[in-house]
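Here is a friendly first tour for anyone meeting this structure for the first time. Please have the sequence and the 3D view at hand as you read.

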Amino acid sequence: MRGYISCVLGCPYEGAVPVDRVADVAARLLRMGCYEISLGDTIGVGTPVKTQAMLTNVVARVPPEKLAVHFHDTYGQALANILAALEMGIAIIDSSVAGLGGCPYAPGASGNVASEDVLYMLDGMGVETGVDLKSLAETGRFITHALHREPASKANLALLRRVATN
């Protein structure tokens with residue numbers, strides 16, 4: 001079973017979330033048998049410093065290989081937060097093609113971090129993922145076209161512009 005903790009860096013109703021509370025819940029989920037625990041900045045208010053502070057507390061109680069991160073990009077900090085998590089040994093990243101999805105119960109929260117943006121960053125870092133960025137971007141454009149919206153991914157839009165000018 002995979003466990004999820006939402007609002008690890010801020011709650012739309014309670015405000016700031018104490019990092020000790022996140023670490024306590026994560027440790028409890030691990031004891032309950034979760035093979036992996038996803039830590040979600042569900043409303044996208046985190047920054048790299050806040051991300052590292054929260055992860056420092058959680059990693060003291062749960063091994064990094066048992067953790068995943070899940071960031072929404074409300075304030076444009078998702079990639080920076082992912083990089084902070086990678087630097088702390090977290091290697092599992094939740095993302096969504098074209099940045100689809102969201103948090104309907106959190107007023108003002110935007111969609112998930114776009115898989116294309118994460119992949120572009122990882123490719124640029126030399127991290128081998130086995131995922132083809134061009135194919136992923138095409139999938140994102142297909143899905144968003146069917147939904148009558150633009151991809152939320154900056155990498156996808158840049159690739160689209162590059163194709164259009166060639």
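## About the model

This is a predicted model, in which local features need pLDDT of at least 70, side-chain atom pairs count only at pLDDT 80 or more, and totals for chains, interfaces and linings use all residues. Residues are numbered from 1 along each chain as its sequence is written, and side-chain values use heavy atoms, with hydrogens and water left out.

Helices (H or I, at least four residues) and strands (E, at least two) are DSSP runs, numbered from the N terminus.

## The sheet

Let us begin with the strands. Four of them form an open sheet in the order β1-β2-β3-β4, with parallel pairing; two strands pair if DSSP finds at least two bridges between them. At the edges lie β1 and β4, each of which pairs on one side only. From one strand to the next, the twist averages 25°.

Strand β2 covers residues 36-41 and pairs with β1 in the parallel sense over four bridges. Within this pairing you can look for I5, which stands opposite L39 in β2.

## Two packed helices

Two packed helices are described by the angle between their axes and the distance between the axes. Here, α2 and helix α3 (residues 78-87) pack at an angle of about 35°, with axes 8 Å apart. Axes are lines fitted to C-alpha atoms, for helices over the stretch in contact, and angles run from 0 to 180 degrees between N-to-C directions.

On the α2 side, the contact is made by P48, T51, Q52 and L55, and on the α3 side by A80, N81, A84, A85 and E87. Contact means heavy atoms within 4.5 Å. The crossing of α2 and α3 is right-handed: a crossing is left-handed if the near helix is turned anticlockwise from the far one by less than a right angle, and right-handed if clockwise.

## Salt bridges

Side chains of opposite charge can pair when their charged atoms come close. A salt bridge is a side-chain nitrogen of Lys or Arg within 4 Å of a carboxyl oxygen of Asp or Glu, and by this rule the count comes to five. One of them joins the side chains of R2 and D94 at 2.9 Å, N to O. R2 lies in strand β1 (residues 2-5) and D94 in strand β4 (residues 92-94), so this pair ties together parts that are 92 residues apart in sequence. R2 is partly exposed at 21% relative accessibility, whereas D94 is buried at 15%; buried means under 20% relative accessible area, exposed over 50%, and partly exposed in between (1.4 Å probe, protein chains only). R2 and D94 also belong to a network of salt bridges with E36.

Another salt bridge brings together D24 and R61 at 2.2 Å, N to O. D24 sits in helix α1 (residues 19-31) and R61 in the loop between α2 (48-59) and β3 (67-71), 37 residues apart. A further one links E138 and K134, whose closest N and O atoms are 3.9 Å apart. Both residues lie in helix α5 (residues 133-146), four residues apart, about one turn of the helix. E138 is partly exposed at 40%, and K134 is exposed at 55%.

## A closer look at T144

Leaving aside neighbours within four places in sequence, T144 is in contact with A98, L100, R149, E150 and P151.
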